[in-house]
There are 2 protein chains.
Amino acid sequence: MTNKVKFERENVVRVASQLFWQKGFHATSTRDLQEAVNMRPGSIYSAFGSKEGLYCESLKDYTVQIKTQIEGFLSNADTILGGLHAFVENVVIKTKDCSPSAICMLVKANSEFAEKDSNLYELSLDLTAQFEAYLTQLFTQAINKGELSNTLTAVEYARFFQVQFTGLRGYFNRPNVEQFAEPMINQMFMLIKKL
Amino acid sequence: MTNKVKFERENVVRVASQLFWQKGFHATSTRDLQEAVNMRPGSIYSAFGSKEGLYCESLKDYTVQIKTQIEGFLSNADTILGGLHAFVENVVIKTKDCSPSAICMLVKANSEFAEKDSNLYELSLDLTAQFEAYLTQLFTQAINKGELSNTLTAVEYARFFQVQFTGLRGYFNRPNVEQFAEPMINQMFMLIKKL
DNA sequence: TTTTAACTTGAACAGTCGCTCAAAATCAAA
DNA sequence: TTTGATTTTGAGCGACTGTTCAAGTTAAAA
């Protein structure tokens with residue numbers, strides 16, 4: 001070994017992730033990225049291969065962060081549903097203003113990449129499926145612990161959660177609706193329990 | 001008068017709208033548009049001023065089309081809710097494969113334009129607010145006709161509808177989930193009636 | 001101290017972008 | 001048939017895109 005990389009890969013990916021999340025893949029130029037991560041093109045390209053490579057790593061990192069966040073709320077809550085409720089409130093209300101977008105980066109990705117054969121479209125599908133599987137695990141636990149009836153299967157609860165959560169985040173991606181967030185989130189969890 | 005325009009403005013806007021809806025604003029190049037609408041740059045720019053101008057007109061036209069579609073389903077249904085149910089089924093199930101995207105163009109616009117001060121961001125907010133107002137009218141009628149209880153106000157029903165509808169369309173913007181569409185739509189309308 | 005492989009730099013390339021405008025084509029009115 | 005305002009054409013402009021790579025810098029190993 002003769003020389004070490006100067007940048008911390010984790011930080012670079014996190015900063016890039018924020019920019020991509022905010023502006024989307026196509027509207028983010030490599031020069032935007034260079035400035036944001038304070039690296040010259042050569043370094044970026046030797047580390048990530050391409051703009052697409054960096055986006056790819058950014059999106060993967062994003063989903064890891066999300067799961068870590070959920071785990072945090074779950075470990076501080078008495079119930080699975082309580083943890084998820086706190087997580088949703090945190091995303092939709094508390095961290096809305098310091099977030100690049102109210103809309104989930106994965107949902108944005110799913111919306112942006114139209115061509116069925118593109119790498120990034122496939123990636124967004126994979127990560128989305130993984131997230132649904134993760135949610136399904138959580139709802140399996142919730143059913144087993146008796147928090148939920150088993151009139152719906154775990155995966156059906158997971159699907160319902162995703163539809164509600166995505167719908168809510170889309171709705172609150174606009175100004176002057178903050179006061180409706182709390183009641184609508186409460187309504188969402190009331191519905192889940194009553195399903 | 002000495003010469004007339006050769007193209008039909010309505011058709012051009014409709015074709016452009018399909019392309020913008022599929023690929024998004026940033027990923028659609030003016031050359032893509034030129035080919036799709038079969039016009040040379042000079043003609044496009046004299047008619048619409050800019051790429052942004054054409055997008056603007058396309059998005060406005062899209063919302064008009066949506067409202068027209070809903071009116072059609074309403075006039076063929078016995079109840080407001082029945083009409084909306086048929087409309088949602090048509091969008092999510094029947095016309096999914098011939099549509100540029102499962103996701104509403106307006107929702108895509110809202111997701112794509114991040115800068116709070118851009119014209120297109122403002123436009124998407126305006127049109128979204130207009131659509132919520134339109135839905136509120138419909139739910140007012142539904143309440144007055146006794147189709148719905150008045151435990152929720154009309155605008156609250158409208159918000160609920162938008163969250164569900166947007167969430168569902170996002171969810172079904174992926175392959176191999178078609179079989180879940182019908183039950184989830186039924187669930188959505190069951191929930192509305194029980195709220 | 002010298003060597004040397006790894007890393008960083010940034011000028012620059014080829015391609016694409018949104019857009020312009022002089023010239024050609026068009027067609028109702030004279 | 002001639003006129004002349006209007007529309008269409010498409011070559012091409014300057015800016016910007018993603019990306020490359022030769023030259024410079026770094027620091028562990030010899």
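A search of the whole structure, which is a predicted model, finds 28 aromatic pairs over all chains, where the rings of Phe, Tyr and Trp (its six-membered ring) pair if their centres lie within 6.5 Å, and where planes under 30 degrees apart count as stacked, over 60 as edge-to-face and the rest as tilted. The rings of A:Phe20 and A:Phe25 have centres 6.0 Å apart and planes at 25°, so this pair is stacked. With a relative accessibility of 2%, A:Phe20 counts as buried, and A:Phe25 counts as buried at 10%; the term buried means under 20% relative accessible area, exposed means over 50%, and partly exposed lies in between (1.4 Å probe, protein chains only). A:Trp21 and A:Tyr62 form an edge-to-face pair, with 4.9 Å from centre to centre and 70° between the planes. This pair links distant parts of the chain, since A:Trp21 belongs to helix α1 (residues 9-23) of chain A and A:Tyr62 to helix α4 (residues 51-75) of chain A, 41 residues apart. Both partners count as buried, A:Trp21 at 9% relative accessibility and A:Tyr62 at 5%. One aromatic cluster is formed by A:Phe73, A:Phe87, A:Phe139, A:Tyr157, A:Phe161, A:Phe165 and A:Phe189.

Rings also take part in arrangements with charged side chains in chain B. A charge is taken to sit over a ring if NZ of Lys or CZ of Arg is within 6 Å of the ring centre and within 35 degrees of the ring normal. The charged end of B:Lys51 is placed over the ring of B:Phe25, 4.4 Å from its centre, while B:Arg174 lies over the face of B:Tyr171, at 4.2 Å from the ring centre.

Residues are numbered from 1 along each chain as its sequence is written, and chains are lettered from A and ligands numbered from 1 in the order in which they are written. In this predicted model, local features need pLDDT of at least 70 and side-chain atom pairs count only at pLDDT 80 or more, whereas totals for chains, interfaces and linings use all residues, and side-chain values use heavy atoms, with hydrogens and water left out.

Chain A contains nine helices and zero strands, helices (H or I, at least four residues) and strands (E, at least two) being DSSP runs numbered from the N terminus. The C-alpha trace of chain A spans about 60 × 40 × 35 Å along its principal axes, and buried residues account for 52% of the 195 residues in the chain. Among contacts in chain A between residues at least 6 apart in sequence, 66% join residues at least 24 apart, a contact meaning heavy atoms within 4.5 Å.

The axes of helix α5 (residues 80-94) and helix α7 (residues 119-144) of chain A come within 9 Å and cross at roughly 140°; such axes are lines fitted to C-alpha atoms, for helices over the stretch in contact, and angles run from 0 to 180 degrees between N-to-C directions. The helices α5(A) and α7(A) are therefore oblique to each other, given that angles under 35 degrees count as roughly parallel, over 145 as roughly antiparallel, 65 to 115 as roughly perpendicular and the rest as oblique. Here A:Ile80, A:Leu81 and A:Leu84 of α5(A) meet A:Leu138, A:Phe139, A:Gln141 and A:Ala142 of α7(A).

Helix α9 of each chain can be described next. The end C-alpha atoms of α9(A) are 20 Å apart, which agrees with the 20 Å that its 14 residues should span at 1.5 Å a residue, the expected span being 1.5 Å times one less than the number of residues. The buried residues of α9(A) include A:Met184, A:Met188 and A:Phe189, and what covers the buried residues of this helix includes α5 and α8 of chain A together with α8 and α9 of chain B. In chain B, helix α9 (residues 181-194) likewise has 14 residues and reaches 20 Å from its first C-alpha to its last. The buried residues of α9(B), among them B:Met184, B:Met188 and B:Phe189, pack against α8 (154-171) and α9 (181-194) of chain A together with α5 (80-94) and α8 (154-171) of chain B.

A:Gln162, placed in helix α8 of chain A, counts as buried at 10% relative accessibility. Leaving aside neighbours within four places in sequence, A:Gln162 is in contact with A:Thr128, A:Phe131, A:Glu132, A:Leu135, B:Tyr171 and B:Arg174.
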